[in-house]
Each structure stands twice: as structure tokens, then as C-alpha cells.
2 protein chains.
Amino acid sequence: MTTPVVSDALCAFATALRWEDLPGSTRSAGRRTVANVVGLAVGASSHPAVEIAVAAVEDLGVRGGASLLGRPETLGPTWAPLVNGLAMHVEDFDDTHLRTVLHPGAPVVPAALAAAELSGASGQDLLTAVVAGVEVASRVGNALCPGHFDRAWHVTGTMGHLGAAVAAGVLLGLDPVRLRHALGLAATQASGHTQQLGAMAKSLHPGRAAADGVEAALLARAGATGPALPLEGPRGLAALMAPDPDLDEALRDLGEVWEVEANAFKPYACGIVSHPVIDAGVALRDLVADPDDVASVEVVVRPVVLEVMGVEEPAHGLASKFSVYHCFAVGLLDGGAGPAQYSDERATSPEVVALRRKVTAVTDPSMPKDACHVEVVLRDGTVLRHDVDHATGSVDRPMTDEQLRRKFELVVSPVLGEGTAALWRAASRVDELGSVAPLFTASQRRG
Amino acid sequence: MTTPVVSDALCAFATALRWEDLPGSTRSAGRRTVANVVGLAVGASSHPAVEIAVAAVEDLGVRGGASLLGRPETLGPTWAPLVNGLAMHVEDFDDTHLRTVLHPGAPVVPAALAAAELSGASGQDLLTAVVAGVEVASRVGNALCPGHFDRAWHVTGTMGHLGAAVAAGVLLGLDPVRLRHALGLAATQASGHTQQLGAMAKSLHPGRAAADGVEAALLARAGATGPALPLEGPRGLAALMAPDPDLDEALRDLGEVWEVEANAFKPYACGIVSHPVIDAGVALRDLVADPDDVASVEVVVRPVVLEVMGVEEPAHGLASKFSVYHCFAVGLLDGGAGPAQYSDERATSPEVVALRRKVTAVTDPSMPKDACHVEVVLRDGTVLRHDVDHATGSVDRPMTDEQLRRKFELVVSPVLGEGTAALWRAASRVDELGSVAPLFTASQRRG
């Protein structure tokens, strides 16, 4: 089961990684990963959860040299990633490494940004470190999942810790041994329960992972030590947090297959498992002249959809993100599912409530992750059937660069208006920046 | 298995607790818990691990209004508990709730101290909050252990998070619902792997728990939310972190039986499971004229002793804390096992190495936690046998107040010299203080 060199091999890989070594497709995936979450952080920069986190951190009196996206405060170098990571994830609109259901951007990118500010790193260094962090988080996730996910750990909180520590550690110039200590310090803090889905605490998971990753890197730089085998030891992360880890998976085709290229971007602002159902709602929209005509809807989905999205009567916006019934209803009624579809108003709107109550869900373990079948029966007996084979944003149907830019505009323009284009230029080509300072500058509201 | 009211019941209990309600024996247990770890923090205030943590935190630029024990720096209100908690635990000399192997002082007391500084609380408020935090941490530990401990979680890191959040939340004046949110925010960060035993990261566990507890309380005060059932939900702490939780245990005789009274204090600076063996070494000391006379030693111990204390050839001081062989040797050679017995020098001293190599360990699952049998065979064939029924510092043979004061002097006087008595007065009767400021003042080195 255990490969004793996993921790060391991953750290050697991460510290040796150079921008020049990255294939074009990997660079592009890194750019997309950064741009997507930068936009989301700016879009959510006045979200109530972000205001609460900033207020609590300001109670701590910890102003410092690390910047927030879309906000003027500067905080200490672990508090800024806490807030940025929370903001990136709070709308459930970020990105997904589909095999593990890890959302790598929100934990890894803020840690890299704070470490880049501390060390004066270039945009290329930043992007290289983000790729290293995403690789480690995704690959250890591959080793622990699906058991780790099935046991109900929130993979973004747990694996996010590892990715954040690696990205920050690389940017702070740790050698492979010190990076392994940082990885150990982060591993032993890795947590996050899916019981928190629907509570504000859930978006704290990537924020905390980012903050703990930076702290672990700083502690390791100062001389703090972790164990020799933090991931693979008999009392280490893999043994404690997964029923059937296979650590060979973490090293499979390392440096040849790039997990960051498997990072998918969410077209809809909710958990990815219900995206096929939203696609179906969107597709059926033009065929349903009046929602009152709908007699009943049956959606056939993978069992995990109901496990995490089974809320039948969501009472508020946050809860509606965990209702596959709500997801289908807004897809059909609104033709999409952005943050506006998961507002408190939309969650309790009579037309949405009426339609979602007509939806029943049937589970089928043989259904692929990115697929569903939907059957709508109209009052006149007409049956409308739609099968989604690969949801938008899945590996087999990735969002195009243009779709990603439009999503960025959707979330950023309400905050930055005309400044949106400048931020897109900085965020989508961060490797062209001499430092990360212009990115933060472009993210601020004017006047 | 689940009692859905556990989280709420514990938070209602904690917020309602008043100094006036505490029995005398509970007050005394609280005083002893505080005094013991205050002394340890001062004693370890220049330990390399503490210097590293302070250096890393200072890299973060987070000076603030929270004090360190035995050090002049003031840090932010989550960083001071991080350092204080680390310092209290770094010598493995603190305290133990024996049923769960939780060391409650190091996570709970620093969180309470920082929250008391933030809120200007009295010494009675502090001590009441410490009791509340220790009760919650120990009782949830009772519900999850032994399975949680056996699975190799470091209970001080995991349950410590809960106790720290409760102690801090009570002092910050949270109502029961906000305290439950704080408990949820802390629960989803609860971690700590026993793979870290022997590495510096291990003492970070209670420090991180204390820091996360304060942060959770501040976030909840600012309005952040956790789930309704953070401990008992199907994807919550108990389900994820224990194979066989029994949450009824958390509420059994709540407010009638006080778990803080079961908190035992370590006479030796290492994990509690090898204390019976050290007692045996101390007891046999006068019977062995010359250690060279020893041909062989057999110790019969509970299996857990070898699982966590099985290091046969510890190469440095920290590793020697996890060697039952070393523990026996210093007990016999030095008549005790304080920090000096776990120094790098003592770990590699030829006489210790020679004696510990003669020790073999046999496990017996029927052996009680606080007992052992030891047989020493001398070169002339003489057999010396010693049975320990209840180790010093166990529930059945607790350290007396006088023993605790002597332990305090042992660790504090090298740092404070003549100031030791004044700190003992403040630390052992903290309920007589109008605020915690005099405690921190008395902990500082003079001149």
C-alpha cells in the first residue's frame, strides 16, 4: 500500500519545477486556474461571509503586508490568504479537479499570492508554484480518493492544505527537505467536514488551507520540522484519512501527465455534481412554454448527487446550492445558474418553489459523474426527454477560453465595471507580470 | 449512536457555567491545570521550538495585544496562544485526561488567556472558562475514544480544538447559538496525526488548536456560522474521526461528574504511557549498585506503549521521549525523568545507551494503563522484580499539591530564579486575580 518515497518525491518534483519546463498546455491550464479564482474573489469581495471574515481578522489587529483581491485592506500574510480563499470559494463557482472533487484554485492560489508578495516573486514564479501546488494536492487526492471523499472529508480543505504549503514553500525558496517539513506541518492540520456544506464554515476550508499552508512554509523556513513520512507513514495522513489509499497513484506519470490540465471550471455557481442536471434544465428551456405546464420531472443521477445535493426545501440562498431540485428549476426557468440563481430571493421565489417541488430524483450507480437523464412530463401528457452525456465544464466538454472570459466578466463587472478588462488582462496572463503587485492593483475598485 | 442535541447541550452548559456553581474539588482541579501549564510554558520559553515559532510569527509581522508567558513579545490574539500552547506541550511534561489521553491544558489554557486579555476578564472568569473548555474537550473525547485514539489521531490536537473554542467563546461572551457556531468552526479544523510524534510539529498541535479556537470564537462573534450538528451530524466530527462514537458519553452526568478532576499531571517529561516503567526504574535504583551489573531487563507493558514508545535507538532528545527503553534507563540511572533526561546529551550518553540496549519489552493487552511489571536480571543471576500497580500521577495516585509545586519550581526556577515563588502564587490562585495581566507580568524574566 505505501510507497515510502512519496513525500520526498513530491517535494523534489515541486522544488525542481521551472517555468521553462512546463508544456504550453500546462501553462495555459495554470493561467486559467489563476484567472478564474481571481475573478471570483473580486466578485465576492463584498459577500457577507467575506465581510464577516475581514471584521474578525481586524479584531485581531493583524494588518500587514499581504493584499486582498478587490478590497483595500492589507492583512498579515496568513490572514490575506484566509480571506482570499474564502472569497474564491464562497459562491461554489470556482473549479474542480473532477477525479477527486478537489477545488484546487481557492486553497492554492491565495497561498501562492501571499508568498509571492512576501518574496517579491515574478508572475512566472507564481504560476509555476501554483502548478506545483495543484499537482501535489490533486495527486495525493488521487491516492486517497474515492475513499477519502466517500468518507465525507471535504477534499478542498484536506488536500488544499498540501497544495497551499507546496506553492508557498516553493515561492519562499525552501529546499526539498524543508519543503517536506512544510508538507508535514500542513498535512497534520488538514481537515474539513462535509457536514459544513450549507454553512459559512465550508468556505473557510480553502481559506484556512491557504493560511495554514503559508504558515507551514514560514515555520519550516524558520526551522520547524515534521516527520519523515507525513503522508505515507502508518499514522500519517493517508492511513488516517482514507480507508484504502494507494500512494503509488500520487507519483504515477509525475511530470508527464499534468493534473492541473484536468482542472475544470464551473459554469454554474454550485457543487459540480448537479451541473449535468442544470445543463438539462437549460436545454429543455425552449421546449417548455410555461412552467405551469409541467406536471412532473424525473431526474436520474449518480447517488452522490443526492448525498450532497438532497435538500428538498432550501430556505435560503446558501442552502439552495445543495438542492438538485432547485438547480434543475433555475436551469429551466433562468437558462443558467450564476450567483443570482442562488440568492435568498431566488431560493424562496414562488415560481422556483413550485417547479422544484415537481422534481423527483432517482439514483443510478452506473451513471457517469458528468451525465444525467431527465424526463419532463407536461400536463397534456407530452414527455420531454433529455440526456446529458458530458456536462459543460467537464473534462470531455471543457469551458473554452472565451466562455471563461465571459464568466469572469459576469462576476467581476458588477464590482469593477470598466476596470474588468484590465483585471482580465493581468489575471489571465499573470506570467507576463514582473511581480504580483499589478494584479492586486487592478483588482481594486476605483474612486 | 447519535444524540442530536449534543452540540447544543454542551454549548448551553458552557455558557451557563458560573464560578459560584463549581464545587471546591473542581475549582482546585482547574487551578492545578492552569498552574501546571503556566510553569511549563515559562520553563520552555527559550526552547528551540519556541524560538522557531516566534521567529516565524515575527516574519508575519503580527505584533498585537496578546501576551506570551515568559517572553516579552506581544503577538496577535491567535499567535500568542499558538506559541504558548506549543511551549506548554513541547517537553511532553504537561497533563493528561487519562481516559482519552488528551492533554487538555496546552490547547485550552492559552486560548482562555488570550480571550481573557481581549475581553478584560477576571481570574475567576478565566478559570471557569478553562473548566468549561476542558469539560467539552474531555467529554467529546470520551464519546470518540478509544476508537479515535486507536485510529492514531493525536487527541490533544483534535479535541483540543473544541476545548479552546469553548473556553475562548465563553470569555468573549458568545450566547449558546454563537458558541455552537464557534464549536462547528473549530470542529471542522480539528486535526493532528500521531505520525508527528518525535517531530516538532507535534507540539504545534495544541498551539494550533488554541489559535484556531480563538479564531473560531472571533469569527462566530462576527457572525460566521457552522452547521446545526457539527459533532453528531452524519458527516461531522464524530462520524469522520472515530470508528464507533457513542455521543451519549459526552453528556453523561454533565455538571455532576467533572472531567477536569480526572486531569492528571505528569511527573515525567514524556508520554504518559511509559510512566509506570519510569516509576519502576526509580524504585529499582537503590537496588542496583552499578548499572554494569545489569545483564538484562524485561518490561511487561500494555501494547500501546510499544506503539507510541517503541524507538529502540533514539538519536536525539526529542526521539528519546518516544523510547520506553530510554525511559526505563534514565529512571534507573537518574532517579527521575525531567527535561534534562530527554536532552540530546542524555539521549546519546554511553551509560544510558548501554543500559537501554539491555531492555526488552513484552506486551500484555490485559495490563492496565497505569501499571507494568519489570524484571531485572543481574550478571550474578539475581533477579529483581518490581510491579507498578498505579503510576505516579495516575488517577489512583495523583500528584499532591506539594509535588505539583516542586515540579513547577523544577521547570520555572532555571528561568525566573527568585521570581518563581511570585509566579507560583499568581498561577496557582489565578481566581484571586482581577485580570490576567499580573500573571503575565510575573512570568517575565527580570533585569
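**Group meeting: a walk through a two-chain model**

Okay, let's start in the middle. The largest nonpolar core here has 324 residues, and the ones with the most contacts inside it are Ala112(A), Ala167(A), Ala112(B) and Ala167(B). Before I go on, please keep in mind that this is a predicted model.

So what does Ala167(A) touch, if we leave out residues up to four places away in sequence? Quite a list: Val108(A), Ala111(A), Ala112(A), Ala115(A), Ala129(A), Val130(A), Ala132(A), Gly133(A) and Gly213(A). You'll spot Ala112(A) among them, and that's another of the residues with the most contacts inside the core. As background, in soluble globular proteins nonpolar side chains tend to be buried together.

While we're on buried things, have a look at helix α4 of chain B, residues 79-89. How many of its residues are buried? 11 of 11. The buried residues run from Trp79(B) to His89(B), and they include Pro81(B), Asn84(B), Gly85(B) and Met88(B).

Next, how the two chains go together. If you rotate chain B by 180 degrees, with 0.0 Å of shift along the axis, it superposes on chain A with an RMSD of 0.0 Å. The two copies are thus related as by a two-fold rotation axis.

And the contact itself? It takes 51 residues from chain B and 51 residues from chain A. On the chain B side, the elements that each supply at least two residues are α3 (48-59), β1 (63-67), α9 (176-187), α10 (201-222) and α11 (237-241). The largest share of that side comes from α10(B), with 7 residues. By type, the chain B side divides into 26 nonpolar, 21 polar and 4 charged residues. Also, 100% of the interface residues of chain B are interface residues in chain A too, so the copies meet through the same surface.

Now over to the sheets, chain A to begin with. There's an open sheet of 4 strands in the order β6-β5-β7-β8, with mixed pairing. Which strands stand at the edges? They are β6 (359-363) and β8 (383-388) of chain A; each has a single partner strand, so one side of each is left without a neighbour in the sheet. Neighbouring strands are turned by 15 degrees against each other on average, ignoring direction.

Let's zoom in on the pairing. In chain A, β5 (residues 294-301) and β7 (residues 372-378) pair in the antiparallel sense over 6 bridges, and Val294(A) has Leu378(A) as its bridge partner in β7(A). On we go to β7(A) and β8(A), antiparallel over 6 bridges. There, Glu375(A) has Arg385(A) as its bridge partner in β8(A). These two strands form a hairpin with 4 residues between them, and in the turn Gly381(A) has a positive phi of about 95 degrees.

Chain B has an open sheet of 4 strands as well, in the order β6-β5-β7-β8, with mixed pairing. Its strands twist by an average of 15 degrees from one to the next. Here β7(B) and β8(B) run antiparallel, joined by 6 bridges, and the bridge partner of Val374(B) in β8(B) is His386(B). Helix α13 of chain B, residues 275-284, packs on this sheet, touching β5, β7 and β8 of chain B. Its direction makes about 135 degrees with that of β8(B).

Key: Residues are numbered from 1 along each chain as its sequence is written. Chains are lettered from A and ligands numbered from 1 in the order in which they are written. This is a predicted model: local features need pLDDT of at least 70, side-chain atom pairs count only at pLDDT 80 or more; totals for chains, interfaces and linings use all residues. Copies are superposed by least squares on the C-alpha atoms of residues with pLDDT of at least 70 in both. Two residues are in contact if their C-beta atoms, placed from the backbone, lie within 7 Å. Ala, Val, Leu, Ile, Met, Phe, Trp, Tyr, Cys and Pro count as nonpolar, Asp, Glu, Lys and Arg as charged, and the others, Gly among them, as polar. Two strands pair if DSSP finds at least two bridges between them. Axes are lines fitted to C-alpha atoms, for helices over the stretch in contact, and angles run from 0 to 180 degrees between N-to-C directions. A nonpolar core is a set of buried Ala, Val, Leu, Ile, Met, Phe, Trp, Tyr and Cys residues joined through C-beta atoms within 7 Å. A residue is buried if 20 or more other C-beta atoms lie within 10 Å of its own, exposed if 12 or fewer, and partly exposed in between; C-beta atoms are placed from the backbone.
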